[in-house]
Amino acid sequence: IAKHAYVDQHDDLLERILNHPTVIPLYEPETGGKVGFTTSGNRQDEERLMRFAERVSSKEREALKDTTKQKALVGKTLSSEQQAVFEAATSTQNLTLVQGRAGVGKSYVLGPIREAHAEAGYRVIGLSHTHKLAQDMKRDGFEATTLHGFLFGLKNGRVSIDTQTLLVVDEGGMLSTPVMLELFHKVQEQGAKLLLVGDDDPQGVEFEFLD
């Protein structure tokens, strides 16, 4: 509004937008205060995403063997938080979400997670929303590409995934809802395993595994 409308039109335009039938106000659950807005279309996409996430997370998965995990940890020192992430990612969970601020060691723990799954016969694919981050993952030993390129390849039959595929998405919090929705749809459809890593709130916890 500030960029495209005259100042004397701002209030009227804002009122018309926020009163549009597709706009939904969002409220703080504890206080009831209004905290923002979304649209009915975006809300529907988020609800679909939650359903896909529930299906992906409910898939039964055999945990990696202890011998396989120990082999991947040889020569590596993990903090208690990193160890918790490693154990979660190599457990029976089919969906693992890891949240942590930059510099707390998220990328470091992805190394043994990748090695353990490769040792167990998985194809491990690193994905990111930018080419630069994908190249960083390649340097860390991943078969990596951009998420958009990966999804395009799936659509056109140039890329395939199955139950023995682990997808590791770096900076998962940067993905748009439509992209996340498409990713979860393909993961659920093909039975792949998914690990999302990102920084949800710079002011939040230092390192946390989200079940």
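Q: Contact means heavy atoms within 4.5 Å. By that reading, which residues does Gly 33 touch, not counting residues up to four places away in sequence?

A: This is a predicted model, and Gly 33 in it touches Leu 26, Tyr 27 and Glu 28 once residues up to four places away are set aside. Gly 33 sits in the loop that runs between strand 1 (23–27) and strand 2 (34–39).

Q: Is Gly 33 buried, partly exposed or exposed?

A: Buried means under 20% relative accessible area and exposed over 50%, with partly exposed in between. Gly 33 has a relative accessible area of 27%, so it is partly exposed.

Q: What is the overall make-up of the chain in secondary structure, and how much of it is buried?

A: The chain has 8 helices and 8 strands. Of its 211 residues, 38% count as buried. The C-alpha trace spans about 70 × 40 × 35 Å along its principal axes. For contacts, sequence separation is the quantity to read: among those between residues at least 6 apart in sequence, 68% join residues at least 24 apart.

Q: How is the length of a helix checked, and what does the check give for helix 5?

A: The expected span is 1.5 Å times one less than the number of residues. Helix 5 has 14 residues and should therefore span 20 Å; its end C-alpha atoms lie 21 Å apart, which agrees.

Q: Which residues of helix 5 are buried?

A: An α-helix has 3.6 residues a turn, so residues three or four places apart point the same way. With that in mind, the list for helix 5 can be read along the structure: Lys 106, Val 109, Leu 110, Gly 111, Pro 112, Ile 113, Arg 114, Ala 116 and His 117 are buried.

Q: Why does Arg 114 count as buried, and what does Arg 114 touch?

A: The cut-off for buried is under 20% relative accessible area. Arg 114, found in helix 5, has 17% relative accessibility and so counts as buried. Not counting residues up to four places away in sequence, Arg 114 touches Val 124, Asp 140, Gly 141 and Phe 142.

Q: How do helix 3 and helix 5 cross?

A: Two values describe the pair, an axis distance and an angle. The axes of helix 3 (residues 66–73) and helix 5 (residues 106–119) come within 8 Å and cross at roughly 135°. That angle makes helix 3 oblique to helix 5. The crossing is right-handed. Helix 3 contributes Thr 68, Lys 71, Ala 72 and Leu 73 to the contact, and helix 5 contributes Pro 112, Glu 115, Ala 116 and Glu 119. By class these residues are 4 nonpolar, 1 polar and 3 charged.

Q: At what angle do helix 7 and helix 8 pack?

A: Helix 7 (residues 147–155) packs against helix 8 (residues 177–190) at an angle of about 50°, with the axes 11 Å apart. This makes helix 7 oblique to helix 8. Their crossing is left-handed. From helix 7 the contact takes Leu 147, His 148, Leu 151, Leu 154 and Lys 155; from helix 8 it takes Val 179, Glu 182, Leu 183 and Lys 186. The classes come to 5 nonpolar, 1 polar and 3 charged residues.

Q: Where is Thr 177, and what is it in contact with?

A: Thr 177 belongs to helix 8. At 18% relative accessibility it counts as buried. Leaving aside neighbours within four places in sequence, Thr 177 is in contact with Asn 42, Asp 45 and Glu 46.

Q: Which residues is Gln 164 in contact with?

A: Gln 164 lies in the loop between helix 7 and strand 6 (165–169). Its contacts, leaving aside neighbours within four places in sequence, are Arg 61, Ala 120, Gly 121, Tyr 122 and Arg 123. At 32% relative accessibility, Gln 164 counts as partly exposed. Gln 164 and Gln 190 are 26 residues apart in sequence and 9.8 Å apart in space, C-alpha to C-alpha.

How values were computed:
Residues numbered from 1 in each chain as written. Predicted model: local features only at pLDDT ≥ 70, side-chain atom pairs only at ≥ 80, totals over all residues. Heavy atoms only, no water. Axes fitted to C-alpha atoms, helices over the stretch in contact; angles between N-to-C directions. Helix = DSSP H or I, 4+ residues; strand = E, 2+ residues; numbered from the N terminus. Parallel < 35°, antiparallel > 145°, perpendicular 65-115°, else oblique. Left-handed = near helix turned anticlockwise from the far one by under 90°. Nonpolar A, V, L, I, M, F, W, Y, C, P; charged D, E, K, R; others polar. Buried < 20%, exposed > 50% of the residue type's maximum accessible area, 1.4 Å probe, protein only.
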